[in-house]
Amino acid sequence: MTSVLWFQGGACSGNTMSFINAAEPSVVDLIVDFGLEIVYHPTLSMEIGKAAQDIFTPYATGEKEIDIFVYEGSVIEAPSGSGRFNMFAGRPMKDWVDDIAPKAGIVVAIGDCATYGGLPAVPPNPSNSRGLQFDRGGKRGGYLGPDFVSKAGLPVVNIPGCPAHPDWISQIIVALAAGRAADLALDEFQRPKTFFTSFTQTGCTRVQFYTYKQDPPSFGQGMRTGCLFYEFGCRGPMTHSPCNRILWNRQSSKTRAGHPCTGCTEPGFPFGDLEKGTVFKTQKVAGVIPKDEPAGMDSGSYMALAGLSRAVAPKWSKEDMFVV
Amino acid sequence: MTTMELNVSPLGQVEGDLDVRVQITDGVVSDAWTEAAMFRGFEIILKGKDPQAGLIMTPRICGICGGSHLYKACYALDTAWGTYVPPNATRVRNIAQASETIQSIPRWFYAIMGPDLTAAQYSSFPSYEEVARRFAPYVGTSYQTGVTLSQHPVEIYAIFGGQWPHSSFMIPGGVMCAPTLSDVTRSTSILENWGRQWLEGQWLGCSVDRWLENKTWSDIQAWMTENESQANSDLAVFIRWAQEIGLDTYGQGYGNFLATGTFLNPDLYTNPTVDGRNAALQSRSGIYANGQYYDFDQMRVTEDVTHAYYEGTGSRHPWEGVTEPIDPAEGAKQGKYTWAKAPRYDVPDIGYVPLEVGPLARQMMAARPDAADFQDSDPLIKNLIDELGPSVMTRVLARMHEAPKYFRNVQRWLKELDLHGEFYVKPTEPSSGKGFGATEAARGALCDWIVLEDGKIANYQVITPTGWNIGPRDANDNIGPMEKSFIGTPIENPDFPVELGQVAHSFDSCLVCTVHAYDGKTGKQLSKFRMGGG
């Protein structure tokens with residue numbers, strides 16, 4: 001039996017909603033087959049008031065030890081470091097984090113906000129939101145500090161994404177519950193490598209248009225052809241996520257539906273801080289070269305490849321592929 | 001007379017953090033304060049940003065109704081920029097909005113309302129065993145299928161929008177996708193399957209058409225005994241149980257309502273304007289106050305910050321709205337007690353009043369006379385209100401009645417999609433303007449007001465359904481709609497005031513779950529836990 005305590009700070013519940021869509025394993029499977037005991041979840045548990053406090057307080061005082069502490073949402077420090085912009089059960093939420101995180105077996109950050117601070121941390125960051133162990137932009141530290149480790153000797157395990165895909169969440173929880181923490185290889189942002197090494201572009205149905213540098217004429221009507229990287233701000237070639245390997249809602253992905261990847265598993269999301277002219281538009285240098293190139297490319301090799309690609313593009317790459 | 005004060009913190013199973021403070025006199029709630037306990041400041045972040053930033057930001061205000069946030073954020077820009085929206089794009093937006101809502105209906109009923117229904121304090125009532133067998137969280141026979149099958153309607157959302165939650169695929173001038181034939185056939189079969197398995201098979205025990213024949217409370221009573229299948233449906237079991245444990249006797253509230261309406265007619269709103277909106281709504285907008293109907297006019301909406309943790313007092317229209325947070329410790333000294341502002345509506349001849357939003361409000365507007373041919377016209381829920389009055393039970397019934405209605409809508413819009421037509425027309429992007437976009441999220445009216453200057457957002461204000469319902473007192477000390485609904489509620493056990501949960505949850509203040517906090521694998525362990533937990 002593995003115990004899980006789930007708290008929400010500066011959160012929208014999007015990761016909880018996403019989690020409920022999990023299929024393999026489903027949330028029900030997690031309980032029945034994997035012996036997971038969710039001792040408290042603010043939206044899943046029916047206990048309210050004192051009955052709820054009686055459940056989670058012992059994990060803060062040290063009377064009981066929680067195996068997995070899941071945190072969704074940012075850690076809110078405003079105003080003036082007091083955390084009073086986010087009260088929970090009579091105290092600032094950050095004080096609960098102070099008490100529970102060091103006493104937990106493993107700490108898991110679910111979603112962008114818990115990982116890097118997320119959207120609430122976009123300037124001017126009115127709530128002084130931080131991630132558990134990273135700040136927005138990717139600086140290691142965050143609320144708990146760079147040296148934090150939980151009882152199991154692990155730093156915070158980050159499962160970013162806005163929201164995180166349900167299967168990333170449930171599969172990592174299963175791995176931890178099954179005692180496979182040692183198998184969990186983490187990358188520089190403490191994301192499980194098993195999910196965050198390949199690119200969003202890996203498996204994208206538009207990748208052949210990328211190869212021949214063909215973009216669609218516009219959204220909507222033009223979305224039956226073309227790659228969204230060149231004009232529409234798609235970050236699929238430089239974002240680490242399995243969105244096109246493990247599909248969303250078992251059906252599709254943003255890029256398959258004609259929606260540019262916004263890079264929401266990376267610490268820079270939303271890129272360009274949503275400043276004027278940055279939304280759904282590829283940022284370019286000198287009007288030609290993408291400011292952010294595909295991972296591992298420099299502008300010289302990018303331009304050489306792009307020129308060649310365009311020159312050899314076959315006729316079909318300029319036509320609709322996703323036809324009625 | 002004995003009076004006690006009860007502080008319920010947290011009151012869970014709602015979106016965000018809600019604390020409720022009530023005063024109980026002789027076992028009945030005599031006063032109430034709802035306290036939203038978290039502030040992120042999205043309106044402040046949006047200031048000075050790209051006009052389209054709201055399409056990314058506002059769905060992330062709430063992960064439960066992100067599709068609804070996107071729908072209205074997009075119309076706020078459509079009206080500000082003066083776009084052309086092809087009919088196909090409106091159909092896709094409607095399909096997505098309705099899919100999100102029909103996902104939410106069963107999830108909310110089984111995961112949020114259901115657990116309250118099986119609370120241990122009802123165990124001596126005659127139908128308890130049957131209700132617990134069906135609705136007990138996680139082990140209930142209906143619970144598991146109802147919650148599990150609710151994953152499917154948002155698969156339709158993902159087919160058009162890429163993913164649910166948190167897509168931004170609706171953009172000024174249309175939508176990003178251009179669906180293919182297989183997208184439509186797949187969506188249709190997902191919808192039909194859900195309709196057959198859950199909606200007709202489990203919830204209604206009859207066809208959608210048969211249910212929609214009901215026009216009055218007495219029709220419903222006759223429907224409940226018409227045959228065994230209907231009598232044994234989850235819906236009939238709920239209605240009998242609600243009357244048995246008294247859910248028809250409390251949670252009334254003001255009985256005054258506001259709906260901003262939703263589902264724009266694809267052919268009548270190709271050039272979205274603020275003024276042309278009401279006439280193009282399939283699910284109508286409007287106000288119902290003191291027994292009279294009024295047209296909805298967004299200019300009559302204000303937000304009052306007298307008792308909310310923001311600078312100053314008094315109220316403003318959202319286009320002039322200001323969001324300047326203060327330290328709650330300071331605010332408390334000024335009589336402020338929540339992060340929710342208090343939305344009010346200036347009803348002609350009555351003045352600024354709090355209004356309840358949500359399914360009851362929507363269905364009251366559906367009963368308003370003089371609907372256009374394409375508009376929803378449906379007397380059922382108004383008849384329930386006239387016969388029984390508002391209560392936890394009627395609020396739940398209004399919500400559930402929308403499942404068959406929206407199911408029919410999605411079927412029709414899918415059929416009407418012209419795959420060879422346009423889904424997007426690139427708009428011009430004027431650098432200044434004002435816009436208003438609105439919809440109905442599962443739990444009520446949801447609106448954005450945007451002001452653009454120099455090609456940037458000069459002001460962005462959002463009023464959520466939760467804001468309307470859980471908002472606090474205003475400058476005139478009118479209490480908020482949910483606060484009002486708590487008053488008169490009997491509390492049996494102050495350590496576990498399940499009745500307060502029922503009132504709060506009947507507003508669909510939201511979330512869902514498939515799992516509750518216990519280790520039970522059998523009904524026995526479950527009830528033991530509930531006794532202990534309660």
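Strand S7 of chain A and strand S9 (residues 157–159) of chain A run parallel and are joined by three bridges. Strands and helices here are DSSP runs (E, at least two residues, for strands; H or I, at least four, for helices), numbered from the N terminus, and two strands pair if DSSP finds at least two bridges between them. The model is a predicted one, in which local features need pLDDT of at least 70, side-chain atom pairs count only at pLDDT 80 or more, and totals for chains, interfaces and linings use all residues. Residues are numbered from 1 along each chain as its sequence is written, while chains are lettered from A and ligands numbered from 1 in the order in which they are written.

Strand S7(A) spans residues 106–110 and is mostly covered, with five of its five residues buried. A residue is buried if 20 or more other C-beta atoms lie within 10 Å of its own, exposed if 12 or fewer, and partly exposed in between, with C-beta atoms placed from the backbone. In a regular strand, side chains alternate between the two faces of the sheet. Both faces of S7(A) are covered, one by the buried residues A:Ile106, A:Val108 and A:Ile110 and the other by the buried residues A:Val107 and A:Ala109.

Chain A is assigned two domains, domain 1 (2–196) and domain 2 (207–318), with bounds that come from an automatic or database domain assignment. The C-alpha centres of these two domains of chain A are 31 Å apart. In chain A, 19 residues of domain 1 are in contact with 15 residues of domain 2, contact being defined as C-beta atoms, placed from the backbone, within 7 Å of each other. On the domain 1 side of chain A, the elements that give two or more residues are helix H5 (111–116) and helix H7 (193–196). That side of domain 1 of chain A comprises 11 nonpolar, five polar and three charged residues. In this classification Ala, Val, Leu, Ile, Met, Phe, Trp, Tyr, Cys and Pro count as nonpolar, Asp, Glu, Lys and Arg as charged, and the others, Gly among them, as polar.

Between the chains, 75 residues of chain A and 80 residues of chain B take part in the contact. On the side of chain A that touches chain B, two or more residues come from each of helix H1 (14–20), helix H2 (27–32), strand S2 (36–40), helix H3 (49–61) and strand S5 (87–88) of chain A. H1(A) gives the largest share, six residues. By class, this side of chain A has 39 nonpolar, 26 polar and 10 charged residues.

In chain B, helix H14 (residues 359–366) and helix H15 (residues 380–388) pack with their axes 7 Å apart at an angle of about 105°, so that H14(B) is roughly perpendicular to H15(B). Axes are lines fitted to C-alpha atoms, for helices over the stretch in contact, and angles run from 0 to 180 degrees between N-to-C directions. Angles under 35 degrees count as roughly parallel, over 145 as roughly antiparallel, 65 to 115 as roughly perpendicular and the rest as oblique. H14(B) contributes B:Leu360, B:Gln363 and B:Met364 to the contact, and H15(B) contributes B:Ile381, B:Lys382 and B:Ile385. Of the residues in this contact of H14(B) with H15(B), four are nonpolar, one is polar and one is charged.

B:Met365 also belongs to helix H14 of chain B and counts as buried because it has 29 C-beta neighbours inside 10 Å. Leaving out residues up to four places away in sequence, B:Met365 touches B:Ala259, B:Gly261, B:Arg284, B:Ser285 and B:Gly286.

Several backbone features were also identified. The peptide bond from A:Ala78 to A:Pro79 is cis, with omega near -10°, and A:Pro79 is in the loop between strand S4 (75–76) and S5 of chain A. A:Pro123 and A:Pro124 are likewise joined by a cis peptide bond, with omega about 10°. A:Ala286, which is not a glycine, has a positive phi near 55°, and A:Ala286 is exposed, with 6 other C-beta atoms within 10 Å. B:Phe263, also not a glycine, has a positive phi of about 60°; B:Phe263 is in strand S7 (residues 262–264) of chain B and is buried, with 26 other C-beta atoms within 10 Å.

How values were computed
Two residues are in contact if their C-beta atoms, placed from the backbone, lie within 7 Å.
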